[in-house]
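Let's take a walk through this structure together. Have the sequence and the 3D view at hand as you read.

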There are 2 protein chains.
Amino acid sequence: MLSAARIKFIRSLSTRKIRAAERLFTVEGVKPVAELLASGYKVHSIYALPQWIAQNKTLLAKSKTEVNPVTDTELERITQLSTPNQVLALVFMPTNQLSINTLKDKLVLALDNLADPGNLGTIIRVADWFGIDTIICSENTVEQYNPKTVQATMGSLFRLNMQYVSLENFIERYKTAYPTHPIAAAVLGGEDLYAQALQTPCLLVMGSESHGISPAVVDMCTHKLTIPAYGASGAESLNVAVSTAIICAELRRQNK
Amino acid sequence: MLSAARIKFIRSLSTRKIRAAERLFTVEGVKPVAELLASGYKVHSIYALPQWIAQNKTLLAKSKTEVNPVTDTELERITQLSTPNQVLALVFMPTNQLSINTLKDKLVLALDNLADPGNLGTIIRVADWFGIDTIICSENTVEQYNPKTVQATMGSLFRLNMQYVSLENFIERYKTAYPTHPIAAAVLGGEDLYAQALQTPCLLVMGSESHGISPAVVDMCTHKLTIPAYGASGAESLNVAVSTAIICAELRRQNK
C-alpha cells in the first residue's frame, strides 16, 4: 500500500515548479513506460497494477528499479491524466548538454514560445519520425515534461535531445558555426514552400499558436516559408504541429 | 440573468445523446462564433459578456438571434470547455445531404472510426486549408459537434459538409459512380507516398488512432499509401491528423 506521503509527493509533480525542484517527472501508460525502460533514462520508481508487473518481470529484472504494486484506486489517485493506464513511472530528468558541433549535418528544429503541451508532444513524435534528434526550445516554450506532452510523444521523447535556451543567442551561435546553413522560418505570407529547394542540413523555426515566431527571431532567419493553401480556402492557418509535419516531410522529400 | 432551467439545458448539451435529440450544439469563443455568424448555420441563441455584445452590435443586428448578456460566473457555469471565452452560441445542426454527383472533381476525405475529438477538429481545419469541402465519416467516428472538435476546427467546421454513413456502402457507391478514381488508404507498410503519382480527384481514407483502417475498408481501396520515415526512426507511427495533413499537402503538390 502506498503511504499518504508518497501519494502526496507524486501528485505534487503535476506542477512544473515542483518537477523542476525535484528534477523528476511522470510517465504513464503501457507503451510510454515500455519505451522508457528501453531508453537510457534513469527511473526513480514504478507504480503499477499487479498484472502489469507480472507481464513485465523480465524488463523489470534488468532495470533494477523500485517497483510498487498499486490498486486501481491508488493509481487513480496518483495519475496526472484523465484516464490512468496500468502503470506510472517517476523518472529523473536527464542533463543533456547542447553541443553546437553535433548539429553540422542535421535537420534541427527550433520552437519559439509554443504554449500547448499536446502540440509540443505531437511535434516531438513528428521529429522522431523524420529523423530529427535535437529540438531547441525558447525558454518560454511549454515544458517537455508536462504530463500531456509526455503522453502525446508516445515514447519519442526518450529518443530526442530537448534544449531550452535563449533562441536568439542560439541562432547567433548557429550562424557563426554554420554561416551557409539555411535558417528557415515558418510564417504566413512567406515564400511558397514548394517553390524553393531548401537544402538540409538546416535549422527550421516554428512559432507559437497565437503569435507565430517573434519578430526579432524572424529577422535572424535566411528563409521565410509558407505552406500554400489550396484554392480560396477560408482557413486562416494550420495547427503548428501539422505545419511542422508538412514542412519536415517536404524537406526530407527534397533532400533524399 | 439566466434561469436555472436554461443553464441546466445548455449544460445538458455536453452529452452527444442530448445534442442528437435536441439537434443543437454549442460553439464557444470569439473567433469560432465570428466564423459561425458569417456562415449559413442557423443560430438558436447567444450567451455573451456585455463587452462582447457591445463589440459585435453590427454583426448581431444582421443575424436577428436571441442574445443573452451573461456574467463571468454564468458563462463559467454553461461552458463546455476548460476555459470559457466571452461568448457561447447554441446552434441548430444543419441537415446537409450527401450527393455523390457533387464529388466528381474533388479530393474527398473519408475517416474510419476516428476516436479523438481534437484529432477530428484538427483534420477538419486541415481539410479546409487544402480545399476539401466534404468529409465522409464512418458511423462510429467521433461526432463533429463534440465541443472539443468544434473548438479545434477554428471555424472551419462551418465551411465543410460532414456526412456520417456506412463507409463500406459509401465506397461501393463511389466506385460505381467513379470507377477510375483512385481510392487511397493511408496504412503502415504500404507504398511510398512519394513514389506514386496519385491523381486527384480521388478519395483518401484515414483510419482510427489505435487500429488504423478496418480490413474490410482497406480491401476496397485501390492504393495503399505510407509516409516514409527518415532513417532508422524509432517512432512507430504518426498522429492521424498529422498524417492526413502530410498526404493532403502532397496530393495538392502533385496535382497543381
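The paragraphs below go from the interface between the chains to a strand and then to a single residue.

Please keep in mind that this is a predicted model. The size of an interface is often given as the accessible area lost when the parts come together. Here the area buried between chain A and chain B is about 3000 Å², and carbon and sulfur atoms give 63% of it. On the chain A side, the residues that lose the most area to chain B are A:Arg125, A:Trp129 and A:Tyr230, which together make up 26% of what that side buries.

Polar links also cross this boundary. Between chain A and chain B, 12 residue pairs are in polar contact, counting pairs with both residues at pLDDT 80 or more. As for salt bridges, two are found across the interface of chain A and chain B. You can look for one that joins the side chains of A:Lys31 and B:Glu236, at 3.2 Å from N to O.

Now turn to chain B and find strand 4. Why is strand 4 of chain B described as largely enclosed by the rest of the structure? Five of its six residues (87-92) are buried, so the rest of the structure largely encloses the strand. Strand 1 (residues 24-28) of chain B pairs with strand 4 in the antiparallel sense over five bridges, and B:Thr26 stands opposite B:Leu90 of strand 4. Strand 2 (residues 43-48) of chain B also pairs with strand 4 in the antiparallel sense, over five bridges; here B:Tyr47 stands opposite B:Leu88.

Our last stop is B:Asn161, which lies in strand 7 (residues 161-165) of chain B. Is B:Asn161 buried or exposed? With a relative accessible area of 18%, B:Asn161 is buried, because buried means under 20%. Its side chain makes a polar contact of 2.9 Å with the side chain of B:Gln163, and another of 3.4 Å joins the side chains of B:Asn161 and B:Asn96. Leaving aside neighbours within four places in sequence, B:Asn161 is in contact with B:Asn96, B:Gln97, B:Asp133, B:Thr134 and B:Ile135.

Note on methods: Residues numbered from 1 in each chain as written. Chains lettered and ligands numbered in written order. Predicted model: local features only at pLDDT ≥ 70, side-chain atom pairs only at ≥ 80, totals over all residues. Heavy atoms only, no water. Helix = DSSP H or I, 4+ residues; strand = E, 2+ residues; numbered from the N terminus. Buried < 20%, exposed > 50% of the residue type's maximum accessible area, 1.4 Å probe, protein only. Polar contact = N/O pair within 3.5 Å; in protein donor to acceptor, adjacent residues only side chain to side chain. Contact = heavy atoms within 4.5 Å. Buried area = accessible area lost by both parts, 1.4 Å probe. Salt bridge = Lys/Arg side-chain N within 4 Å of Asp/Glu carboxyl O. Pairing = 2+ DSSP bridges.
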